[in-house]
Amino acid sequence: MKHLREKGWLDKTAIAMDGRPLEPMWKMIAFLKTTAPELKIAFAGKYHPEIDPDVHDYCIFVDKPPIREQIAERVRKDLPTTFYVCCEPLKPNTFPFSPPAESTWMGRHAAMTGYNGFLRWAYDRWTVDPLYDTNHVRWPAGDCFLVYPGGRSSIRFGRLREGIQDHEKIRLPRAAVEKSNDADLKMQWQEFQAVLGRFTYDSSGKASYTNPVREGKQALEKLSRAAGKVGS
């Protein structure tokens, strides 16, 4: 605490835990409140409403999100609220063997649920020879990295970036709708909302995450054109 305060870093530092059950989290939160009450807490794992008020940066596993009102309330309070995938689930995900559209799905899902964004736990934790073999001893192939040595990107990283761009493309028309009385724009927004509503996590694992991405692209372009006309 003293070191962070002297460096001017205390307001942007959080101590983070991941994947821990509720009981150990209770103990850790109680310990931090006693010893370092100014230090923010970050947590990646299942959503526990009991500890929500104590967690500054909450990254929630994709399978059981809180209700959208809870997400919106955190966002209104300017609390980072995101979701993540890791070595699970098998779909949707960003593995080399995942349909590339699933990477784009991440940004659309964040927009639909109201999250600030998306977390992928590893960016460049390469295997012994990632250009030859992406397999890992314990986890699915490619789980530990999205890009490759030598400044090489990947299809899945490019499609993830596309989803991030889509998140921004959705945010801008949403803001325009809130400020505009244009009937056509509001109608286009309602139509797009129906399409966006399909970007939900299916715990059965049988859903196609590719089809909504394809269909949503056209709807998003149509909405963007309508918002552009109002803005001009």
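What should the 13 residues of helix α4 span at 1.5 Å a residue, and how far apart are its end C-alpha atoms?

1. The model under discussion is predicted. Helix α4 covers residues 101-113, and at 1.5 Å a residue it should span 18 Å. Its end C-alpha atoms are 18 Å apart, which agrees with that expectation.

2. Of its 13 residues, 13 are buried, so α4 is largely enclosed by the rest of the structure. The helix is followed by glycine 114, which has a positive phi, near 100°.

3. The pairing of α4 with α5 comes next. The axes of these two helices come within 7 Å and cross at roughly 25°. Angles under 35 degrees count as roughly parallel, and α4 and α5 are therefore roughly parallel to each other. Their crossing is right-handed. On the α4 side the contact is made by Ala101, Ser103, Thr104, Met106, Gly107, Arg108, Ala110 and Ala111. The α5 side contributes Arg156, Arg159, Leu160, Glu162, Gly163, Asp166, His167, Ile170 and Arg174. By class, the residues of this contact divide into 6 nonpolar, 5 polar and 6 charged.

4. Threonine 104 may be examined as one member of the α4 side. This residue lies in helix α4 and is buried, with a relative accessible area of 0%. Apart from neighbours within four places in sequence, threonine 104 is in contact with Arg159, Leu160, Glu162, Gly163, Asp166 and Val213. Asparagine 93 is 11 residues from threonine 104 along the chain, and the C-alpha atoms of the two are separated by 9.8 Å.

5. Is arginine 159 buried or partly exposed? Arginine 159, which is placed in helix α5, is partly exposed, with a relative accessible area of 24%. Buried would require a value under 20%. Neighbours within four places in sequence aside, its contacts are Pro100, Ala101, Ser103, Thr104 and Val213. Phenylalanine 31 is 128 residues from arginine 159 in sequence, and the two are 41 Å apart in space, C-alpha to C-alpha.

6. Helix α5 (residues 155-179) also meets helix α6 (residues 183-196), and their axes come within 10 Å and cross at roughly 140°. The two helices are therefore oblique to each other, and their crossing is left-handed. In this contact Ile170, Arg174, Ala176 and Val177 of α5 meet Leu185, Lys186, Trp189, Phe192 and Leu196 of α6. The contact has 7 nonpolar, no polar and 2 charged residues.

How values were computed
Residues numbered from 1 in each chain as written. Predicted model: local features only at pLDDT ≥ 70, side-chain atom pairs only at ≥ 80, totals over all residues. Heavy atoms only, no water. Helix = DSSP H or I, 4+ residues; strand = E, 2+ residues; numbered from the N terminus. Expected span 1.5 Å × (residues − 1). Buried < 20%, exposed > 50% of the residue type's maximum accessible area, 1.4 Å probe, protein only. Axes fitted to C-alpha atoms, helices over the stretch in contact; angles between N-to-C directions. Parallel < 35°, antiparallel > 145°, perpendicular 65-115°, else oblique. Left-handed = near helix turned anticlockwise from the far one by under 90°. Contact = heavy atoms within 4.5 Å. Nonpolar A, V, L, I, M, F, W, Y, C, P; charged D, E, K, R; others polar.
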